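Work through the exercises below with the structure open.

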Amino acid sequence: LGVKSRGARAATLSSSRTGHAAMADRPTPQPDKNWNAILKWSLAQTDENAGAEPARQISEEEKKWFTEAVASGVVDEIKRMKDITAVLSTRAREVIDAEELDARCELLEELIDRVGSIDNGGDLHTIGGLAPLVETMKGSPHARLRAASAEALGVTVQNHAKAQADALACGAMAPLLAMAAGKDGGDAPCSDADLAETVGGDEETARARTRASFQLTRAKALYALSCLLRGCVAAQKAFALGDGFAILRACLLVDSAKIRTKVLHLARHLCQLDMIFMRAGVESGYVLAAAAALSGSLPRDFGAVADVALREDAERANVELAQVREAALRFIVDCAKKVDFEEVPKAVDHLRGTHVENALRSVRAAHEGMSAEDASACADEIALRVELERMLEG
């Protein structure tokens, strides 16, 4: 049992008011007021001279009111998750209108809140809750629902071995890889589903919104993959068999700094698992792709931008580019530290090749041209670059 969260407003719990005259001035238990009502009632029963007299007998009506007040303020977590997943399991592959789409997204947000508890995460599959998430990821025509389902699955399996095994048993790997690869319709023409998500059915607005949604599905799929792969050997094998290394390599070409950063962090984790994964990553071109991400994410000069809003957007973009650079440098540094060059000879050519050399030269020039304030903000990034240069000089 747990106290109601913001999402629980979707489930209205009814409560009845007793007709006993002595209780007429007590409020009817309501979710938003019950705890205050209980406190006031409890204080009203407290007598500072209670030690001198026997305690007053509580009537059956008062017991009933108290029980209803407590019950109206708590939620049976398992039942609530069952209710949510029961809704999600219907019409999972159908186009739905904007109102229902918003309602389902809200239910998924609530589910994400609830499965954040490790106990609830383990219980979700037991009640049949993972299957609707996987089914939605596989076939929903709505990118928002696919993205939210992937996030819910990621939160569920994070650091939870049983939930990871359950997700694999439900077939979660294939749709997650397809979403990460952009094979879930990211480049498809505007569909009825896209128009349903746009008030008024404006096609151009629908296209723009859909492009953003598909970027979100990729980002959430990468998040779920990272949660599913961490510490789960079976998931790691399924990822490799599903051509996951090539898919991650392709994701580094996506025009999204956030996605490139997520991919680099995930690639770094995978390549450190063992030399088999390191070889797969190197042979898939991860070092070269990281070098390309590094040189392609140099800080932009927006000094001439006068508009405040545009300047804020520009500054935000530079922060995201800095995150890409640091993730790329961290990946290359760790690869150079951990790789066995005898087992993965191609790593020598890639690490000492012109791609890495040119990327380091470009980043060094950018660092040297930074103001003291910007250089301070990029201190970790600069330290990684210096460390890598020293390693490659040896």
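A residue is called buried under 20% relative accessible area, exposed over 50%, and partly exposed in between (1.4 Å probe, protein chains only). The model is predicted: local features need pLDDT of at least 70 and side-chain atom pairs count only at pLDDT 80 or more, while totals for chains, interfaces and linings use all residues. Residues are numbered from 1 along each chain as its sequence is written, and side-chain values use heavy atoms, with hydrogens and water left out.

**Exercise 1.** Describe the salt bridge of arginine 114 and glutamate 77, including the burial of both partners.

Step 1. A salt bridge requires a side-chain nitrogen of Lys or Arg within 4 Å of a carboxyl oxygen of Asp or Glu. The N to O distance between arginine 114 and glutamate 77 is 2.9 Å, so the pair qualifies.

Step 2. Helices here are DSSP runs (H or I, at least four residues), numbered from the N terminus. Arginine 114 lies in helix H4 (residues 98–115) and glutamate 77 in helix H3 (residues 77–88); at 37 residues apart, they link distant parts of the chain.

Step 3. Arginine 114 has a relative accessible area of 4% and is buried. Glutamate 77, at 14%, is buried as well.

Step 4. A network of salt bridges joins Glu77, Arg80, Glu110 and Arg114. The structure holds 21 salt bridges.

**Exercise 2.** Classify the partners in the salt bridge of glutamate 94 and arginine 91.

Step 1. The closest N and O atoms of this pair are 2.8 Å apart.

Step 2. Glutamate 94 is partly exposed, with 39% relative accessibility. Arginine 91 is also partly exposed, at 37%.

**Exercise 3.** Locate leucine 176 within the largest nonpolar core and list its contacts.

Step 1. A nonpolar core is a set of buried Ala, Val, Leu, Ile, Met, Phe, Trp, Tyr and Cys residues joined through side-chain atoms within 4.5 Å.

Step 2. The largest one has 88 residues, of which Leu111, Leu133, Leu153 and Leu176 touch the most other members. Helix H17 (residues 308–338) contributes the most to this core, with 9 residues.

Step 3. Contact means heavy atoms within 4.5 Å. Not counting residues up to four places away in sequence, leucine 176 touches Met137, Ala150, Leu153, Ala221, Ala224, Leu225 and Leu228.

Key
Helix = DSSP H or I, 4+ residues; strand = E, 2+ residues; numbered from the N terminus.
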